[in-house]
Amino acid sequence: MTPPRSQIRPGVTVDIVQKQDQPTGRLTRGVVAQLLTRSATHPHGIKVRLTSGQVGRVQAVVGGKGQGA
């Protein structure tokens, strides 16, 4: 199950799957710059934009602000 929106905030490090990587499931790690999904949950993951400019759906929260890492 993908993390809910409440666990994802700007500054948190996450693993995302980008649109072009969905068939392979390849993950990209980065720091959240902006949340793009407005709903509390999404079956495929909350969509975010990373500080690098990459956009994808969060598969896991790794750490960062407020995560104790």
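Student: In what order do the elements of the protein chain run from the N terminus on?

Tutor: In this predicted model, the order is β-β-β-β. The protein chain has four strands and zero helices. Its radius of gyration is 11 Å, close to the 11 Å that the globule rule gives for 69 residues, so the chain is as compact as a globular protein of that length.

Student: What does the C-alpha trace span along its principal axes?

Tutor: The C-alpha trace spans about 30 × 25 × 20 Å. Of the 69 residues in the chain, 35% are buried. The chain exposes about 4,300 Å², and carbon and sulfur atoms supply 49% of that area.

Student: How many salt bridges does the count come to?

Tutor: Side chains of opposite charge can pair when their charged atoms come close. Here the count is two salt bridges. One joins R29 and D15, with their closest N and O atoms 2.8 Å apart. R29 belongs to strand β2 (residues 27-35) and D15 to strand β1 (residues 12-17), so this pair ties together parts that are 14 residues apart in sequence.

Student: Are R29 and D15 buried or exposed?

Tutor: A residue counts as buried under 20% relative accessible area and as exposed over 50%. R29 has 54%, so R29 is exposed. D15 has 11%, so D15 is buried.

Student: Which side chain meets R26 in a salt bridge?

Tutor: That of D21, at 3.0 Å from N to O. D21 is buried, with a relative accessible area of 9%.

Note on methods: Residues are numbered from 1 along each chain as its sequence is written. This is a predicted model: local features need pLDDT of at least 70, side-chain atom pairs count only at pLDDT 80 or more; totals for chains, interfaces and linings use all residues. Side-chain values use heavy atoms; hydrogens and water are left out. A salt bridge is a side-chain nitrogen of Lys or Arg within 4 Å of a carboxyl oxygen of Asp or Glu. Helices (H or I, at least four residues) and strands (E, at least two) are DSSP runs, numbered from the N terminus. Buried means under 20% relative accessible area, exposed over 50%, partly exposed in between (1.4 Å probe, protein chains only). The radius of gyration is taken over C-alpha atoms; the globule rule is 2.2 Å times the number of residues to the power 0.38. Accessible areas come from the Shrake-Rupley method with a 1.4 Å probe; for residues, only the protein chains shown count as cover.
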